[in-house]
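Hi everyone, thanks for coming. Let me put the structure up on the screen and then walk you through a few spots in it.

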Amino acid sequence: TASDRSTSPIRYRSVLEEAIRIRVLWASHVRLSQKIYAFILSRDPRFKSCLNEFETEQQHLTRELNLLTPKQWPRSTQLGLNSLRMRAFHALPLVMRQLEREELTVLALLRRWVYGGATTSAAIIKHESRGVTHEIASA
């Protein structure tokens, strides 16, 4: 309808701004993660491979999120919305899964070091990567 055509550019711009906002938040998350990972490695270098996998996945997701925001205005805003919707449908669940994996691993380590001290003799941190569960002992 005519009203859909007139609001489509407005809706597209709004969705595009949200996609940019997600990219900015993700970039902030990556910067913070780098600092946290450096702290973790200073405490226990056995987590290097796990954290390297997280960083590799973060780089991949950064590229995926960059694809959400096209360099040029689309030929039609409806095509732009459809394209953005498909890319977001692919990328956002991956981002959420990565955040959950990082949270599970990193918060468990930080809690242990901050609250557990020497009282915990051997914690096993489970980390799933590409469908394989790794167990990392932390003394």
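Before we start, one term: a salt bridge is a side-chain nitrogen of Lys or Arg within 4 Å of a carboxyl oxygen of Asp or Glu. For charges, Lys and Arg count as positive and Asp and Glu as negative, while His and the chain ends are not counted. Also, this is a predicted model, where local features need pLDDT of at least 70, side-chain atom pairs count only at pLDDT 80 or more, and totals for chains, interfaces and linings use all residues. Residues are numbered from 1 along each chain as its sequence is written, and side-chain values use heavy atoms, with hydrogens and water left out.

OK, on to Glu102. You'll find Glu102 in helix α3; helices here are DSSP runs of H or I, at least four residues, numbered from the N terminus. Glu102 is buried and still has no salt bridge. Buried means under 20% relative accessible area, exposed is over 50%, and partly exposed is in between, with a 1.4 Å probe and protein chains only. Arg101 is the nearest side chain of opposite charge, and that one is 6.9 Å away.

So which side chains does Glu102 have polar contacts with? The side chain of Gln58 is joined to Glu102 at 3.1 Å, and the side chain of Ser33 at 3.5 Å. A polar contact is a pair of N or O atoms within 3.5 Å; within protein, one must be able to donate a hydrogen and the other to accept it, and residues adjacent in sequence count only if both atoms are side-chain atoms. Leaving aside neighbours within four places in sequence, Glu102 is also in contact (heavy atoms within 4.5 Å) with residues including Tyr37 and Phe54.

Those two are worth a stop. A search of the whole structure finds one aromatic pair. The rings of Tyr37 and Phe54 have centres 6.2 Å apart and planes at 35 degrees, so we call the pair tilted. The rule is that rings of Phe, Tyr and Trp (its six-membered ring) pair if their centres lie within 6.5 Å, with planes under 30 degrees apart stacked, over 60 edge-to-face, and the rest tilted. Tyr37 is in helix α1 and Phe54 in helix α2, 17 residues apart, linking distant parts of the chain. Tyr37 is buried at 2% relative accessible area, and Phe54 is buried at 0%.

Last one: Lys48, in helix α2, is partly exposed, at 48%.

Notes: Helix = DSSP H or I, 4+ residues; strand = E, 2+ residues; numbered from the N terminus.
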